[in-house]
Amino acid sequence: MSEPISIDFSAMQDASGGFPPEAFQFVREGLSHTVQTIHGAEQIEADESQHVSGQELCLGLRDYALDQYGRLTRMVFRKWGLTETADFGRIVFAMIDAGLMRKTDEDNFDDFVGVYDFDEAFDPRAVN
């Protein structure tokens with residue numbers, strides 16, 4: 001039986017800029033959604049490469065957020081302090097530093113910067 005992973009959540013919060021646990025959970029769940037969307041369930045079950053780029057993750061998180069929160073997405077994100085796609089990168093890299101996610105040599109924080117504008121992507125008037 002393996003030892004449970006000890007997670008220093010306060011260190012992750014400090015490293016990311018203080019986002020709440022719900023934001024980290026959202027990114028973890030959104031990563032799973034994105035990987036499944038891009039690679040399919042068969043590849044996940046086979047434990048093959050599941051890598052997605054920062055831009056792909058941002059787009060997947062947008063879709064996942066709209067699925068989960070619909071017109072309330074912008075309000076939920078504001079409550080969590082998420083204002084731009086770079087915030088996803090801050091959370092991801094804090095999770096990488098904590099050993100909860102992996103990255104390739106090609107991955108970097110800049111992959112998350114300016115992928116889309118939150119006000120446009122989550123405009124409640126445009127969300128079905």
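A charge sits over a ring if NZ of Lys or CZ of Arg is within 6 Å of the ring centre and within 35 degrees of the ring normal. This is a predicted model, in which local features need pLDDT of at least 70 and side-chain atom pairs count only at pLDDT 80 or more, while totals for chains, interfaces and linings use all residues. Residues are numbered from 1 along each chain as its sequence is written, and side-chain values use heavy atoms, with hydrogens and water left out.

**View 1. Arg62 and the ring of Tyr116.** The charged end of Arg62 lies over the Tyr116 ring, 5.5 Å from its centre. Tyr116 is buried, as is Phe118 (buried: under 20% relative accessible area; exposed: over 50%; partly exposed: in between; 1.4 Å probe, protein chains only).

**View 2. Aromatic rings around Phe118.** Rings of Phe, Tyr and Trp (its six-membered ring) pair if their centres lie within 6.5 Å; planes under 30 degrees apart count as stacked, over 60 as edge-to-face and the rest as tilted. The structure holds 15 aromatic pairs. One of them, Phe88 with Phe118, is tilted, with 5.6 Å from centre to centre and 40° between the planes. Because Phe88 belongs to helix α5 and Phe118 to helix α6, this pair ties together parts 30 residues apart in sequence (helices are DSSP runs of H or I, at least four residues, numbered from the N terminus). Phe88 and Phe118 are both buried. The ring centres of Tyr116 and Phe118 are 5.9 Å apart and the planes stand at 20°, so this pair is stacked. Phe88, Tyr116 and Phe118 belong to one aromatic cluster, whose members also include Trp80 and Phe122.

**View 3. The salt bridge between Arg74 and Asp119.** A salt bridge is a side-chain nitrogen of Lys or Arg within 4 Å of a carboxyl oxygen of Asp or Glu. The whole structure has 6 salt bridges. In the one between Arg74 and Asp119, the closest N and O atoms are 3.1 Å apart. Arg74 is in helix α4 (residues 73-80) and Asp119 in helix α6 (residues 118-121), 45 residues apart. Arg74 is buried at 9% relative accessibility, whereas Asp119 is partly exposed at 45%.

**View 4. The salt bridge between Arg125 and Asp123.** The side chains of Arg125 and Asp123 meet at 2.9 Å, N to O. Arg125 is exposed, at 74% relative accessibility, and Asp123 is buried, at 17%.

**View 5. Asp87 in helix α5.** Helix α5 covers residues 85-97. At 5% relative accessibility, Asp87 is buried. Leaving aside residues up to four places away in sequence, Asp87 touches Phe19, Gly81 and Leu82 (contact: heavy atoms within 4.5 Å).

Conventions
Helix = DSSP H or I, 4+ residues; strand = E, 2+ residues; numbered from the N terminus.
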